Amino acid sequence: MRTAFSVDTVRSAERELMGRLPEGALMQRAAAGLAVACAQALGRVYGRRVVLLVGSGDNGGDALYAGARLARRGAGVSAVLLAPDRVHAGGLAALRRAGGAVVGVEAADQVVRRADLVVDGIVGIGGKGGLRPDAAALVEAAERSGAVVVAVDLPSGVEADSGEVRGSAVRADVTVTFGTHKPGLLIDPAREHAGVVRLVDIGLGDVLPAAAELEALQHTDVAALLPEPGGASDKYRRGVVGIAAGSARYPGAAVLAVAGALRGGAGAVRYVGPAGEAVLARFPETLVSDRGPQKAGRVQAWVVGPGAGEDAATVAEVLATEVPVLLDADGLRLAEREAVRGRGAPTLMTPHAGEAAALLGVTREEVEGARLAAVRELAGRYAATVLLKGSTTLVAGPAAPGGGPVRVNATGTPWLATAGSGDVLSGLAGSLLAAGLSALDAGSVAAYLHGLAGRLAARGAPVGAHDVAEAIPGAWRDVRDGGR
């Protein structure tokens, strides 16, 4: 599992570790890892032109010490000091001893335009807001030059704790981060600025707390959570999920939600709604009822809302049950907040940015620009687990506003931006709830499998939601086999 920690947590851990090490040892570890990553990006170091964009403090020091290492290997290294009166003195002295040069800001544009590699050491992980105009101009010159851009710890101009980008910011090809990931490296819109992220171990593992701010599951983590039938399994032990979805206008939503549930391993699916004929035509194994959720028969979880139109009564009836419930699409709009908050069983809500914005009373752009804050706020307001769909899907449990970990999914693909894809995800997550996974685990595993299925189905070509559903078993196999 990849984990990310806040700036305050990282700085506290660094202070504790520095108290155990010789002075400057931690920065030298960081600079060594940064220099290796730069050399790999260059391919050949000798004779290549490297420009360091150096701000104040330790971030600039890392860049200067790494530049000194590259200069000793024959690179022509020039440093542009954006805060000369606050430059890291030891790093600057090391660069000069190694033969590196210092270039004034007035001549920096020409040097940057000729660079093979530009190192972004402008702002550290504590930076807020976008870049100042002088730094922004140099970053724009670097982008125009075609040089490889390597960011030190975090692209300058993005916010480490939130993933927000509130102005001009570096777009790196490679980000070399130290000790642990920072949340902004895993969450859009900042993630798009980071490029390929390289984590350099500087020894923080023993001093970081056990609980992270952000978690990103990997194959082995997901494989450990997958429900596997045993010799004594029957459909009830595997999990029966109820699907209350679809309408005369949107029967396809019901079909796709059922597809996600069946391909997600449900022992059985009970469908309630007006699209029973369409569901049976595609999936004759579905148990269809026209008597409403309370009389549909035994289920271990409900999915309600996809394509439901204005059927508020069914949404309320499902919320009144004592099993886990997944709320999606129209169900999010029709559910009373206090009815969700008052449930004794878990609730998993799965909004996209537009739906989240409506629930929070803000604009879609505000949600997309501050995804971590939005998912935490929703989880707190509804006392529910919230899966915020999008370019980086986030899953926050009810404890998240008080500091519980938020999970981020890294398997998504733009090809999943297709009508009905969310209905498939709802059915898939519902099947995992019915199998006994917690709401946080069900949402996280479903997002992981759904994203992987999208990749498998697309392979670089357009796909529909039905194709994604059909690819879920393949994603399941990949995770199970890769996690062993």
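This is a predicted model: local features need pLDDT of at least 70, side-chain atom pairs count only at pLDDT 80 or more; totals for chains, interfaces and linings use all residues.

Reader: Which residues line the largest cavity?

Author: The lining of the largest cavity is made up of Leu217, Val395, Arg407, Val408, Asn409, Ser444, Ala447 and Tyr448. Two elements give two or more residues to this lining, namely strand S18, which spans 406-408, and helix H19, which spans 439-458.

Reader: What is the volume of the largest cavity, and how do its lining residues divide into nonpolar, polar and charged?

Author: The volume of the largest cavity is about 60 Å³. Its lining residues divide into five nonpolar, two polar and one charged.

Reader: How many cavities of 30 Å³ or more are there?

Author: The count comes to two cavities of 30 Å³ or more. The second largest cavity holds about 50 Å³ of space, and its lining consists of Leu53, Val118, Asp120, Val139, Ala142, Glu143, Val149, Val170 and Arg171.

Reader: Which element gives the most to the lining of the second largest cavity?

Author: Helix H6 gives the most there, with three residues. Strand S5, at 117-121, and helix H6, at 133-145, each supply at least two residues of that lining. By residue class, the lining of the second largest cavity divides into six nonpolar, no polar and three charged.

Reader: Changing topic to the backbone, where is there a cis peptide bond?

Author: A cis peptide bond joins Asp188 and Pro189, with omega at about 10°. Pro189 is in the loop that runs between strand S7 (174-178) and helix H7 (190-194). As background, most peptide bonds are trans, and most residues other than glycine have a negative phi.

Reader: Where does Asp153 lie, and what is its phi?

Author: Asp153 lies in the loop between strand S6 (148-152) and strand S7, and it has a positive phi of about 70° although it is not a glycine.

Reader: Is Asp153 buried or exposed?

Author: Asp153 counts as buried, because its relative accessibility is 7% and the cut-off for buried is under 20%.

Reader: And what about Ala383, where is that one found?

Author: Ala383 is found in the loop between helix H17 (371-382) and strand S16 (385-388). Its phi is near 50°, which is again a positive value in a residue other than glycine. With a relative accessible area of 36%, Ala383 is partly exposed.

Reader: Which residues is Thr314 in contact with?

Author: Leaving aside neighbours within four places in sequence, Thr314 is in contact with Ala244, Pro293 and Val304. Thr314 lies in helix H12, residues 312-319, and counts as buried at 16% relative accessibility.

Reader: Now Ala41, please: how far apart are Ala41 and Val174 in space?

Author: Ala41 and Val174 are 8.3 Å apart in space, C-alpha to C-alpha, while they are 133 residues apart in sequence. Ala41 has its place in helix H2, residues 25-42, and is partly exposed at 30% relative accessibility. Leaving aside its neighbours within four places in sequence, Ala41 is in contact with Leu117 and Val148.

Reader: What share of the residues is buried, and what does the accessible surface come to?

Author: Buried residues make up 56% of the 484 residues. The accessible surface of the protein chain comes to about 19300 Å², and 49% of this belongs to carbon and sulfur atoms. Among contacts between residues at least 6 apart in sequence, 67% join residues at least 24 apart.

Notes: Residues are numbered from 1 along each chain as its sequence is written. Side-chain values use heavy atoms; hydrogens and water are left out. On a 1 Å grid over the protein atoms alone, a cavity is a set of points where a 1.4 Å probe fits but cannot get out, and a pocket is an open set with protein on both sides within 12 Å along at least five of seven lines; lining residues have an atom within 4 Å of a point. Grid points are joined across faces, edges and corners, and a volume is the space filled by probe spheres set on the points. Helices (H or I, at least four residues) and strands (E, at least two) are DSSP runs, numbered from the N terminus. Ala, Val, Leu, Ile, Met, Phe, Trp, Tyr, Cys and Pro count as nonpolar, Asp, Glu, Lys and Arg as charged, and the others, Gly among them, as polar. Buried means under 20% relative accessible area, exposed over 50%, partly exposed in between (1.4 Å probe, protein chains only). Contact means heavy atoms within 4.5 Å. Accessible areas come from the Shrake-Rupley method with a 1.4 Å probe; for residues, only the protein chains shown count as cover.
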